[in-house]
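Open the structure in your viewer and keep the sequence beside it, so that each selection can be found in both places. The tour below goes from one selection to the next.

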Amino acid sequence: MHIKLVNLKRDYGSLHAVQDVSLEIPSNTIYGIIGKSGAGKSTLVRLVSMLEKPDAGEVWYDNERVDNLTGGALIEKRRHIGMIFQNFNLFSSRNAAGNIAYPMEICAMDKAYIKNRVNELLSLVGLEGRGDAPISTLSGGQKQRVAIARALACQPDILFCDEATSALDPQTTRSILALIKELQAKMNLTVVMITHQMEVVRDACERVAVLESGRIVEEGLVADIFANPRSEVTKDFLSNLTNVKDSIVRWSTEAGRFTLRFRGGSTDEPIISNVAIETGATFNIRAAGVQHVGDEELGVMVLDIGPDEEHVRLAVQLLKKYGVIIEGDV
Ligand SMILES: Nc1ncnc2c1ncn2[C@@H]1O[C@H](COP(=O)(O)OP(=O)(O)OP(=O)(O)O)[C@@H](O)[C@H]1O
Ligand SMILES: [Mg+2]
């Protein structure tokens, strides 16, 4: 299902939680929405998922306007949506199977069908034979797997994930993201992934929108945004990611005036050596690494340039000519 948002607005008193958001979320993809705490992510998701009405603007699913639906039509449309959350929202009074069965019971589906479907869903999320497990005996990752199975029980077209991995450790986060990617492809889902973690965007999403104070400040393919971030918030998210241990090795935290980003083929060329030879500038590399973003490789290097400002100017100029993206006090 293709989702289109047109000039969406939502105020809480004098607070503009969502201001004038227009977006297109293509079908059959994983779309990230990233923002800091209070940016308006959850509010936006409540509007898009028809849990709340916008003060102005429109929400479209394919060619149907859905923000103004009410009564039976709204309930019917909401059946096409699955949601998962940071705190899982499972019923502790029911076991794993009981939680997964719940939405199908609400729809008064046939008992035998439900039983079969629950087993099918348990194996789909890697919890085969664990249906009897009380929720309290499951790990965070297993709880989220149950929540995913429940969200997919009625075969939705869209899955909303609101900070679905925020309560999980990095390894469990990776396994849940891998599961979501696998299910997305298998079921042709449109997945909307709300997060404040750039790792989640890097590892799972195809496109991303960056939200700040209720507005979209940047939108595009994840690989493009990683290679050439434009807004301050995005740069900030990426600089936090730069310190992630498995993606970059940092030799010194004391310096590093410039951050260089290399894309695709240019990660294989000796650009730094060439620029050093051609300009006579000196380079002191403080950190470097290669990240995998989608199908692309992206080189990141944190360094200082010397010996003086004239050489900085020459080197920066030539690096840009080579297609390197430079951040820092240029
Ligand atoms: N029901 C509400 N009533 C009043 N204010 C609200 C309500 N819901 C959200 N807000 C406010 O709207 C702003 C955006 O909140 P929202 O929960 O959408 O942010 P968020 O990006 O999801 O943050 P977080 O990362 O902390 O979950 C915040 O300032 C919040 O206090
Ligand atoms: Mg939130």
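Begin with ligand 1, remembering that this is a predicted model, and select the residues that surround ligand 1: Tyr-12, Leu-15, Ala-17, Gly-35, Ser-37, Gly-38, Ala-39, Gly-40, Lys-41, Ser-42, Thr-43 and His-196. If you colour this shell by residue class, you will find that it divides into 4 nonpolar, 7 polar and 1 charged. Which elements give two or more residues to the shell around ligand 1? They are β2, which covers 15-25, and α1, and of the elements it is α1 that gives the most, with 3 residues.

Now turn to the sheet, which is open and has 6 strands in the order β6-β7-β8-β3-β9-β10, with mixed pairing. Select 81-85 for β6 and 215-221 for β10, and you have the edge strands, each of which pairs on one side only. Looking across the sheet, you can follow a twist that averages 15 degrees from one strand to the next.

Next, select residues 30-35, which form β3, together with residues 190-195, which form β8: these strands run parallel and are joined by 5 bridges. Within this pair, Tyr-31 stands opposite Val-192 in β8.

Conventions
Residues numbered from 1 in each chain as written. Chains lettered and ligands numbered in written order. Predicted model: local features only at pLDDT ≥ 70, side-chain atom pairs only at ≥ 80, totals over all residues. Pairing = 2+ DSSP bridges. Helix = DSSP H or I, 4+ residues; strand = E, 2+ residues; numbered from the N terminus. Axes fitted to C-alpha atoms, helices over the stretch in contact; angles between N-to-C directions. Near = placed C-beta within 6 Å. Nonpolar A, V, L, I, M, F, W, Y, C, P; charged D, E, K, R; others polar.
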